[in-house]
Amino acid sequence: MRDDLNLGEWEQIVLLAVLRCEGNAYGVPIRDEIRICTGREPATGALYTTLDRLEEKGLLQSELGAPLAERGGRARRFFTITTKGKAAVVRAQSAYRRLLDGLDLLREQI
Amino acid sequence: MRGIRFAEWLLRRVATPDDAAAQAGDFLELSRSRGSLWFWRATLSSVAYGGFRFTLAFVSAFAFSQIIAILWNHGALGNQPDRNSVYTSGMLILVPLLTVPAFLLLRFGWRDAHARFSLLFALLAGGSLLSYPHPIVRWIFPAAGILTASFVLAKVRRDDRILLQSLAQLGAAVGISLGGLAVFLLALLCAWVVLSYLLSFPETFFRVAVTLSTHPVNDVINAFVCFLIVRTSERLRKPSSSLRAA
């Protein structure tokens with residue numbers, strides 16, 4: 001598999017949300033993080049499908065936690081970003097930064 | 001929350017059992033603040049989303065293989081038209097063989113080792129079975145298959161599940177061909193019984209048998225078995241999730 005995977009905007013958002021959850025990245029906090037940071041309520045199907053796809057691509061890996069009574073005995077599925085995933089995010093974000101350089105758009109917004 | 005087991009059962013239609021349980025658990029957790037209506041909306045939306053993606057890929061793959069098979073039967077692919085010999089017809093060989101790799105390629109892309117391995121089987125088996133009368137094509141298909149094999153070999157070595165899954169797919173593909181053949185033989189038997197009493201006319205009997213074996217019901221059986229194959233292959237692709245260390 002090639003290492004120069006191109007990430008779509010939604011994939012970058014999901015990867016960054018996983019990174020921000022720092023070790024507690026399962027469905028609920030990932031969804032909250034996306035909602036808080038982007039103001040968008042992610043569609044349930046789209047979120048889980050994207051998490052699966054990113055795992056297929058080797059950008060995320062997942063493991064099951066212990067079954068919890070408050071979840072009706074169901075375990076949480078925790079996601080962590082892989083080295084390859086981090087590299088893909090950094091590459092995509094660097095491209096955005098280079099494009100933004102010298103434009104001062106963020107300052108205009110403030 | 002009432003009905004969570006049913007929700008999990010619904011989610012299992014589009015996800016592995018581990019993923020379905022984790023998703024149902026997430027929805028249950030969120031429903032405490034959002035209500036049970038939200039829980040069911042989220043469940044149904046997740047099932048609809050996953051189901052739509054699966055259905056779209058399956059219908060496209062099945063339609064693609066049907067078109068190739070029809071072209072083959074009409075001799076549009078540089079072959080001899082194959083309208084009378086049902087066993088070697090494209091419908092019985094090409095549809096099951098092409099549906100699985102086409103589905104996997106649409107769902108997971110060319111980079112997916114399972115999809116490439118499945119394509120390898122389709123090329124090898126399809127090429128060997130269908131290119132018999134054509135010396136040039138007869139060698140191109142297996143050669144392409146061998147090239148694909150060498151291309152994916154490294155992946156296969158790293159993951160034994162791919163080999164296991166591909167063998168299961170091959171078995172299922174052979175099974176569907178035999179299933180189609182069984183329909184043909186059954187039709188042949190019925191026609192023989194009826195016509196030997198009524199007409200005693202062997203040519204008519206053969207023509208009726210061919211007509212029956214190419215009846216749309218064959219397509220329905222093929223579609224159903226192809227559906228079962230791709231469902232199984234999709235499930236087999238993903239192993240059970242590992243457990244997080246406490």
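Two residues are in contact if their C-beta atoms, placed from the backbone, lie within 7 Å. By that rule, residues 24 or more positions apart account for 65% of the contacts in chain B with a separation of 6 or more. The model is predicted: local features need pLDDT of at least 70, side-chain atom pairs count only at pLDDT 80 or more, and totals for chains, interfaces and linings use all residues. Residues are numbered from 1 along each chain as its sequence is written, while chains are lettered from A and ligands numbered from 1 in the order in which they are written.

**Chain B make-up**

- Chain B has nine helices and one strand. Helices (H or I, at least four residues) and strands (E, at least two) are DSSP runs, numbered from the N terminus.
- The order from the N terminus is α-α-α-α-α-α-α-α-α-β.
- Of the 246 residues in chain B, 38% are buried. A residue is buried if 20 or more other C-beta atoms lie within 10 Å of its own, exposed if 12 or fewer, and partly exposed in between; C-beta atoms are placed from the backbone.

**Nonpolar cores**

- A nonpolar core is a set of buried Ala, Val, Leu, Ile, Met, Phe, Trp, Tyr and Cys residues joined through C-beta atoms within 7 Å.
- The largest nonpolar core has 24 residues, of which B:Leu94, B:Leu98, B:Phe103 and B:Ala122 touch the most other members.
- Helix 3, helix 4 (90-108), helix 5 (113-130) and helix 9 (216-237) of chain B each supply at least two residues of this core. Helix 4 of chain B gives the most, nine residues.
- Another core, of 20 residues, lies apart from it and includes A:Leu7, A:Ile13, A:Ala25 and A:Leu60.

**Contact between the chains**

- Chain B gives 26 residues to the contact and chain A gives 23 residues.
- On the chain B side, helix 2 (17-34), helix 3 (36-73) and strand 1 (242-243) each supply at least two residues. Helix 2 of chain B has the largest share, eleven residues.
- That side holds twelve nonpolar, seven polar and seven charged residues. Ala, Val, Leu, Ile, Met, Phe, Trp, Tyr, Cys and Pro count as nonpolar, Asp, Glu, Lys and Arg as charged, and the others, Gly among them, as polar.

**A helix pair in chain A**

- Helix 1 (residues 9-21) and helix 4 (residues 83-100) of chain A pack at about 125°, their axes 10 Å apart. Axes are lines fitted to C-alpha atoms, for helices over the stretch in contact, and angles run from 0 to 180 degrees between N-to-C directions.
- A:Gln12, A:Leu15 and A:Leu16 in helix 1 meet A:Gly85, A:Val89 and A:Ala92 in helix 4.
- The residues of this helix contact are four nonpolar, two polar and no charged.
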